[in-house]
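Biologist: I would like to learn how to read a model like this one. Could we go through it feature by feature?

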Amino acid sequence: MPPSRLFWKIFLAFAAIGVVAALALVVMTLRWERERLSIEAETRLKQAAALVRPIAEQAFGEETAQQARVRALGEAAGVRITLVDAQGKVLADSSVATAEEVAKIENHRTRPEIAAALKTGSGMTERASATMGDQTRYYAERIDAGGTRGVLRVALPTANIELQLAALRQLLINWAAAVIGALLLATYIIARNVVQPVVALRDTATAIAAGDYAQRAFVPSNDELGQLGEALNRLSTELGSQLSELRRSGQRQSTVLGGMVEGVVAVDDRQRVLFANTAAGRLFDFLPPKAEGRPVLELIRNHDLQRVLSQALAEVAPKWTELEWGKLLLTAQVTPLPGIPCPGAVVVLHDITELRRLEGMRRDFIANVSHELKTPLSSIKAYAETLLNGALRDEEHNVRFLERINEQADRLNLLIQDMLSLARIESDQQSFEIARVGVADAVAACFDQHQSAAEAKSIALVTTPPSDALFVRADAEGLREILSNLIDNAIKYTAPEGRVEVRWRRDGERVRIEVIDNGLGIPADQMDRVFERFYRVDKARSRELGGTGLGLAIVKHLAQSFGGDVAVSATPGGGSTFAVNLPPA
Ligand code: ADP
């Protein structure tokens, strides 16, 4: 295990407490023992003094033989006995052999215990003996019987005590060393056992914090640390699954937001971008990841958006507006985010340009249809009314009026048929039989169909086939309708004596069929529009020629249904050229 701070903290703290406790125990035991030995010495001295006291009292009365008796007593009691008179003169001392030697002993009046005994009745001191030199404990008692006769002093060398204490100290120190050693070992093992699982838990927690949810804490014990390890493992599993669920739902969300056609921009309460999806970036020409944190109005400079955004944030209520962005027309729906105070808002931007265009087209279509139907109907009604008002009997005109009614009814029929077929093609309801269709045959069939109309205007119908027969992938009936419409128009809008030519050739991946006339031609600025429904360059002329204004719209949709297209250009020298491109077969 690498050295851990926690380990050292626990180890050093317990070791310090153990060492201090062991040393304190040694010191206190030594003190207590010293105290106990001191009291024992005192007691012994006092007991000795009490034993000797009657003999001493007696001895003070005698002039001789004092020394011999005192010596004998001292030896019997195992203490040193000294008799001192009131002036401090030593009368007898058990530590010397003869009276002559006693006489040589210096005056003891100033000895602290003797001075104290003379003054207070008793005195106890411990000091080095001036006479003997050893560390000694002295106890002195004043002996008086009607006046101070002297002092009885008993003394015991304390060297023995010190020896006992030294032995005890050594014993205790050895014991303390052993205890401290055992304590350090135990502390080491305990600290390691406590710290090891803590380190394992720390490593797991660190791994979890770093996002590694596979890491598991292994704490074999069943105690609180073991339970903590289990809890941490459960937490890690739970966190891991929650995070992956969160990631999945985040991915789902960003996939949904990224795949949305609508632009979505989330802003905070200060109108700074929190999130913008790809569609928003595309609409307003910015990179969504770089938009985060920027003021939304820096990216979308639009007064209407600013107004609704500020209103929605201020009133904490959804707001809606339409706004123009270049050529686009957008709606902006601003919804405040939930929370108090309001943390921001989500702006959903919807491009309604195409919708509005289609709405306009539908409006125009209805207006056009009404208008187209109104003209023949008005004629029919006018002729019918004229007939009813008496013209029926007018032999000269009635048949002509009925012919007109019939013509207008035919016109209505043609119009309705064209409208129905256009609607069918547009709504994909028309089922085509796509097959290999020979262009030459289709052109020949159409020429046959329009031969009489061409001859009536002395228009030459010419084909210029390529050397190889060409085939296209189309519905045979549909291709004939395309060609028929174009040839019909070419004849209609070409002056008598004109020329209509049909050419076809391979053009890259397509077969290009051209219907070329040298007729009226179409002004360049209207070329794109002739394929719109009901669009006519010259309305009056078209109607006069029985046109519905739907022919080219049908051609365009049919060509597209076969995977091709159609375009118009001016024929050099005057007239129009319609080119249909179709996939080859
Ligand atoms: P219409 O039934 O009026 O012919 P189309 O959709 O076929 O309707 O044609 C739309 C308009 O395009 C015509 O009214 C006419 O003004 C113009 N147009 C079509 N073909 C030709 C052409 N070959 N030459 C000149 N103008 C043409």
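Biologist: How many bridges join strand 6 to strand 7, and in which sense do the two run?

Modeller: Start with the ground rules. This is a predicted model, in which local features need pLDDT of at least 70, side-chain atom pairs count only at pLDDT 80 or more, and totals for chains, interfaces and linings use all residues. Residues are numbered from 1 along each chain as its sequence is written, and side-chain values use heavy atoms, with hydrogens and water left out. Now the terms. Helices (H or I, at least four residues) and strands (E, at least two) are DSSP runs, numbered from the N terminus. Two strands pair if DSSP finds at least two bridges between them. Here, strand 6 (residues 263–268) and strand 7 are joined by 3 bridges and run antiparallel. Within strand 7, phenylalanine 275 stands opposite alanine 266.

Biologist: Which order do the strands of that open sheet have?

Modeller: The order is 7-6-10-9-8, 5 strands with antiparallel pairing. Strand 7 (273–276) and strand 8 (319–325) are at the edges; each has a single partner strand, so one side of each lacks a neighbour in the sheet. From one strand to the next, the twist averages 20°. For such angles, axes are lines fitted to C-alpha atoms, for helices over the stretch in contact, and angles run from 0 to 180 degrees between N-to-C directions.

Biologist: What is the order in the open sheet with mixed pairing?

Modeller: That sheet of 5 strands reads 12-14-15-17-16. Its edge strands are strand 12 and strand 16 (565–570), each pairing on one side only. The twist here averages 15° from one strand to the next. Inside the sheet, strand 14 (residues 499–507) pairs with strand 15 in the antiparallel sense over 8 bridges. Arginine 503 has glutamate 514 in strand 15 as its bridge partner.

Biologist: Which strands does helix 13 lie across?

Modeller: Helix 13 lies across strand 12, strand 14 and strand 15. Helix 13 runs at about 170° to strand 12.

Biologist: Why does arginine 127 count as buried?

Modeller: Look at relative accessible area. Buried means under 20%, exposed means over 50%, and partly exposed is in between (1.4 Å probe, protein chains only). Arginine 127 has 15% relative accessibility, so it counts as buried. Arginine 127 belongs to strand 3 (residues 122–128).

Biologist: What does the side chain of arginine 127 join in a polar contact?

Modeller: First, the rule. A polar contact is a pair of N or O atoms within 3.5 Å; within protein, one must be able to donate a hydrogen and the other to accept it, and residues adjacent in sequence count only if both atoms are side-chain atoms. The partner is the side chain of glutamate 113, at 2.6 Å. Plain contact is a separate term: heavy atoms within 4.5 Å. Leaving aside neighbours within four places in sequence, arginine 127 has contacts that include Asp134, Tyr138 and Arg153.

Biologist: Which residues come nearest to the ligand?

Modeller: A residue is near a molecule or strand if one of its heavy atoms lies within 4 Å of it. The ligand has 21 residues around it, and Asn489, Asp517, Ser542, Thr548 and Leu552 come nearest. Now check the polar atoms. Asparagine 489 has a polar side-chain atom 2.7 Å from an oxygen atom of the ligand. For lysine 492, an N or O atom in the side chain is 3.3 Å from a ligand oxygen atom. Glycine 549 uses a polar backbone atom, 2.9 Å from an oxygen atom of the ligand.

Biologist: Where is serine 542 placed?

Modeller: Serine 542 is in helix 15 (residues 539–544). Serine 542 counts as buried because its relative accessibility is 2%. Beyond its neighbours within four places in sequence, serine 542 is in contact with Tyr493, Arg536 and Gly547.

Biologist: What about backbone angles?

Modeller: Most residues other than glycine have a negative phi, and most peptide bonds are trans. Now look for exceptions. The peptide bond from isoleucine 340 to proline 341 is cis, with omega near -5°. Proline 341 sits in the loop between strand 9 (328–336) and strand 10 (344–351).

Biologist: Which value does phi of serine 458 come near?

Modeller: Phi of serine 458 is near 55°, which is positive in a residue other than glycine. Serine 458 lies in the loop between helix 13 (439–456) and strand 12 (460–464). At 39% relative accessibility, serine 458 counts as partly exposed. Phenylalanine 534 is not a glycine either, and has a positive phi of about 65°. Its loop runs between strand 15 (510–517) and helix 15. Phenylalanine 534 is buried, at 3% relative accessible area.
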